[in-house]
Amino acid sequence: MTAYNTVFFDVDDTLFDFRQSELNALHNTFMEYKMPAGMADYHESYRKISQSLWEDLERGEIKLRELGIKRFKRLFTEHELETDAGLFSSSYLHNLGREAHLMPGAEELCQTLDFCRLAIITNGFTEVQHARIEGSPLAGMFEHIIVSEETGFQKPQTGIFDYAFAEMQLAGKEHVLMVGDSLASDIKGGSDYGIDTCWFNPNGKPNETNIQPTYEIRKLTELIEIVGK
């Protein structure tokens, strides 16, 4: 008997390489807007602004659609650009949905865990996350793809886990595992909900928080042994 029969995965920087997806999508959007030097001139500013707003989102201080436009509005204001933030955001999200770059070992992991029930719990834009998963080699491998925007809750809020358990018709928590790269979102959310967690930490970052995962792995394929114990 396996220790876990249900595994919830985060998407970005867990199964998918979000950095590569973001870079490509931003580059393509800047090119659409006739800003060929956009990445060189504005990417570092954008990265800081976006990271700050995602942290605000996790704390429940802003809404997702507000974040989507506000990050570009702040960017364009900072650099005194007159580009329409709403239109730019729409183009960026469209381009992002076309970027499906897997992390090393992601496809092998999901194929090997075919004896488990697999599902996605991800914060993000519904159309983007569905498009990226469906356009990747992982398409069809998950029973449910649960995106925060659809549920009205985002990790680490317990509401998104309530939603996931209802969708999966799960009665107990002891054989369920949450896997993700974010201590503040994935691991805190799973721990607060009472399920075991696995922190995917490929770069060996120190854990300087009081959030303690059940497991920690450097490579995705290390999860196979954990789930199969």
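Me: In β2, what is the bridge partner of Phe 9?

Reply: Keep in mind that this is a predicted model. Ile 120 of β2 is the bridge partner of Phe 9.

Me: How many bridges join β1 to β2, and do the strands run parallel or antiparallel?

Reply: Four bridges link β1 (residues 6–9) with β2 (residues 117–122), and the two run parallel. With β4 (residues 176–180), β1 again has four bridges and a parallel run.

Me: Which residues of β1 lie on each side, and are they buried or exposed?

Reply: Thr 6 and Phe 8 point to one side, Val 7 and Phe 9 to the other, and all of them are buried. Both faces of β1 are therefore covered, given that buried means under 20% relative accessible area.

Me: OK, zooming out: what is the order of the strands in the sheet?

Reply: Read it as β3-β2-β1-β4-β5-β6, an open sheet of six strands with parallel pairing. β3 (144–147) and β6 (215–217) are the edge strands; each has a single partner strand, so one side of each lacks a neighbour in the sheet. On average, neighbouring strands are turned by 20° against each other, direction ignored.

Me: And which strands does helix α9 touch?

Reply: Helix α9 (residues 183–193) packs on the sheet and touches β4 and β5 (196–200). The direction of α9 makes about 165° with that of β5.

Me: Now helices against helices. What describes two packed helices?

Reply: You want two values, the angle between the axes and the distance between them. Take α3 (residues 64–78) and α4 (residues 85–96): they pack at about 115°, with axes 9 Å apart. The crossing of α3 past α4 is right-handed.

Me: Which residues of α3 and α4 meet there?

Reply: From α3 come Arg 65, Gly 68, Ile 69, Arg 71, Phe 72, Lys 73 and Phe 76; from α4, Ala 85, Gly 86, Phe 88, Ser 89, Tyr 92 and Leu 93. By type, this contact has seven nonpolar, three polar and three charged residues.

Definitions and conventions: Residues numbered from 1 in each chain as written. Predicted model: local features only at pLDDT ≥ 70, side-chain atom pairs only at ≥ 80, totals over all residues. Heavy atoms only, no water. Axes fitted to C-alpha atoms, helices over the stretch in contact; angles between N-to-C directions. Left-handed = near helix turned anticlockwise from the far one by under 90°. Contact = heavy atoms within 4.5 Å. Nonpolar A, V, L, I, M, F, W, Y, C, P; charged D, E, K, R; others polar. Buried < 20%, exposed > 50% of the residue type's maximum accessible area, 1.4 Å probe, protein only. Pairing = 2+ DSSP bridges.
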